[in-house]
Amino acid sequence: MIRGLSYASKWKISAVVILYLILFAVSAWYRFNEREQLEMTDVGRVMSARIFEKINVSTDADIQQALSKARRLHKKISVSGAKHSQGGHTFYEDAIVLDMRYYNKMLGLDKSHKVLRVQSGATWEQIQDYINPHGLAIRIMQSPNIFTVGGSMSTNAHGRDPNEGPLIESIQSFRLMTMDGRIIQASRTENKELFRAVNGGFGLMGVILDVDLQLTDDELYVEHMVPMTYKQFPKYFDNNIMSNPMVALTVARLSTAPHSFLTQMYTINYERTDQPLTPEYSELQDQRGIGTAKFIFGLARKWDWGKNTSWKLQKRLFAHDEGKLISRNNAMRPDITFTEYRDVQKTDVLQEYFVPVQQFVPFVDGLRHILKEENLNVVNITVRYVPRSSTALLSYARQDSFGIVLLINHKKSAADMLHLQTATQRLVELSLQFKGSYYLTYLPFPTKEQFRRAYPQAELFFRIKRIWDPEELFMNEFYARYN
């Protein structure tokens with residue numbers, strides 16, 4: 001204590017010091033919290049940017065005001081949904097980010113024509129909850145149902161139905177708010193180029209408002225698991241899936257286990273039945289066995305013996321479900337929470353490569369060689385069929401293709417990321433060698449030259465972007481790298 005002061009004075013000074021420290025701590029917490037809110041990163045925590053502001057959108061007026069504010073302050077606009085892309089598509093340095101998840105109303109259901117009008121921030125799960133009581137199901141969507149409609153449109157996602165192409169095939173029309181606040185209607189007959197550019201355009205043309213989405217009937221399926229080798233897969237697929245109209249959904253997995261690395265496979269097929277869809281099956285279910293799946297993934301990330309064990313357990317678990325009856329809506333809502341992964345030094349990275357059906361076997365042979373040579377820790381590989389679709393300007397499957405999805409566990413240091421970038425460019429080159437392409441939603445490691453070879457209409461896409469957005473108000477890290 002300070003000499004010469006009374007006890008009361010000393011107590012007052014101590015109280016002031018304590019109050020100051022409390023206020024300093026609270027202020028520091030608020031500054032940290034604000035910094036955390038303004039620091040946006042991708043789902044893999046590799047790319048990041050310090051944004052200017054995040055706005056939760058719930059009305060058209062929110063968007064119009066944000067656009068006016070951005071032009072007044074000379075800021076850029078980025079658009080985000082579930083924020084699961086990994087290439088900086090939902091943010092940009094010092095930009096205003098529109099969080100669309102609160103813009104999620106169901107605007108109308110035409111049951112006779114099976115068309116739903118929905119706002120772009122709605123998730124597929126919310127749509128399933130809404131349409132399931134009407135005996136309807138989603139026609140096209142990626143496997144998990146956590147993503148928003150606008151986000152799935154912006155990536156032109158594809159699913160597991162072998163009879164359906166990318167999401168654009170089920171989009172009838174949509175409304176878009178452009179950089180000057182105007183609202184434009186787009187379809188295959190109205191503003192056709194805009195329709196082709198917005199689907200698969202990563203939010204670079206404007207803000208998707210609401211969508212007329214083509215649905216289908218909910219049905220009862222029976223599940224079958226079929227093991228095979230990768231060399232048998234193309235012929236099996238042609239004879240048993242493409243030639244079988246009863247197969248409604250299908251997905252395959254390639255082994256990442258060292259004892260059968262990219263040689264063994266199995267497919268999971270969902271075949272139509274003639275049984276009625278009773279309430280017992282139509283009721284939406286939560287996926288079971290999340291803890292088991294998380295445990296299996298954990299083993300596969302860390303050890304080679306874990307990958308061998310994981311592969312055996314996967315086949316055993318799916319064989320256990322042989323003959324299981326399941327509705328389309330339930331088959332199209334697998335939980336992916338078991339893949340959630342938090343590690344200070346490592347991250348999970350997704351990549352997807354598209355190759356023509358007839359090139360599947362030589363591509364897998366080349367893929368195996370590169371993965372071994374680069375010593376990449378591949379945890380999981382799925383294979384999906386994607387029918388030819390060239391409607392979207394940035395179409396990734398311009399011929400009937402297999403999409404090969406890799407989940408890679410990798411260290412996040414600068415040196416390790418450089419290694420992954422080099423390896424990725426080799427994998428992209430391999431897909432290009434076989435007249436294929438790669439998916440743009442993941443880390444922007446391919447070169448500009450590779451991007452233009454994989455997407456030959458990229459220049460037209462950028463030209464349309466500058467017509468509709470001459471000030472380049474809509475911006476993200478992906479566009480900044482590749483335009």
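Here are some friendly questions and answers about this predicted model.

Me: How many helices and strands does the protein have?
Reply: The protein is made of 483 residues, and 52% of them count as buried. Its secondary structure comes to 15 helices and 19 strands.

Me: Which strands stand at the edges of the open sheet of three strands?
Reply: The order in this open sheet is S3-S5-S4, with parallel pairing. A strand with a single partner has one side left without a neighbour in the sheet, so the edge strands are S3 (53-56) and S4 (77-80).

Me: Which residue in S5 stands opposite Ile-55?
Reply: Strand S3 pairs with strand S5 (residues 96-99) in the parallel sense, over four bridges. Opposite Ile-55, the residue in S5 is Leu-98.

Me: What angle does the direction of helix H2 make with that of S5?
Reply: Helix H2 covers residues 60-73 and packs on the sheet. There H2 touches S3, S4 and S5. Its direction and that of S5 make an angle of about 175 degrees.

Me: Is Asn-330 buried or exposed?
Reply: Asn-330 is found in helix H10 (residues 328-331). Setting aside residues up to four places away in sequence, Asn-330 touches Tyr-281, Ser-282, Glu-283, Leu-284 and Gln-285. The cut-off for buried is under 20% relative accessible area. Asn-330 has 11% relative accessibility, so it counts as buried.

Me: How far does helix H11 reach from its first C-alpha to its last?
Reply: Helix H11 spans residues 360-374, which gives it 15 residues. At 1.5 Å a residue, the expected span is 21 Å, and H11 comes close to this. The reach in the model is 21 Å.

Me: Which residue just after H11 takes a positive phi?
Reply: H11 has several buried residues, among them Phe-360, Leu-367 and Glu-374. Just after this helix, a positive phi of about 55 degrees is taken by Asn-375.

Methods:
Residues numbered from 1 in each chain as written. Predicted model: local features only at pLDDT ≥ 70, side-chain atom pairs only at ≥ 80, totals over all residues. Heavy atoms only, no water. Helix = DSSP H or I, 4+ residues; strand = E, 2+ residues; numbered from the N terminus. Expected span 1.5 Å × (residues − 1). Buried < 20%, exposed > 50% of the residue type's maximum accessible area, 1.4 Å probe, protein only. Pairing = 2+ DSSP bridges. Contact = heavy atoms within 4.5 Å. Axes fitted to C-alpha atoms, helices over the stretch in contact; angles between N-to-C directions.
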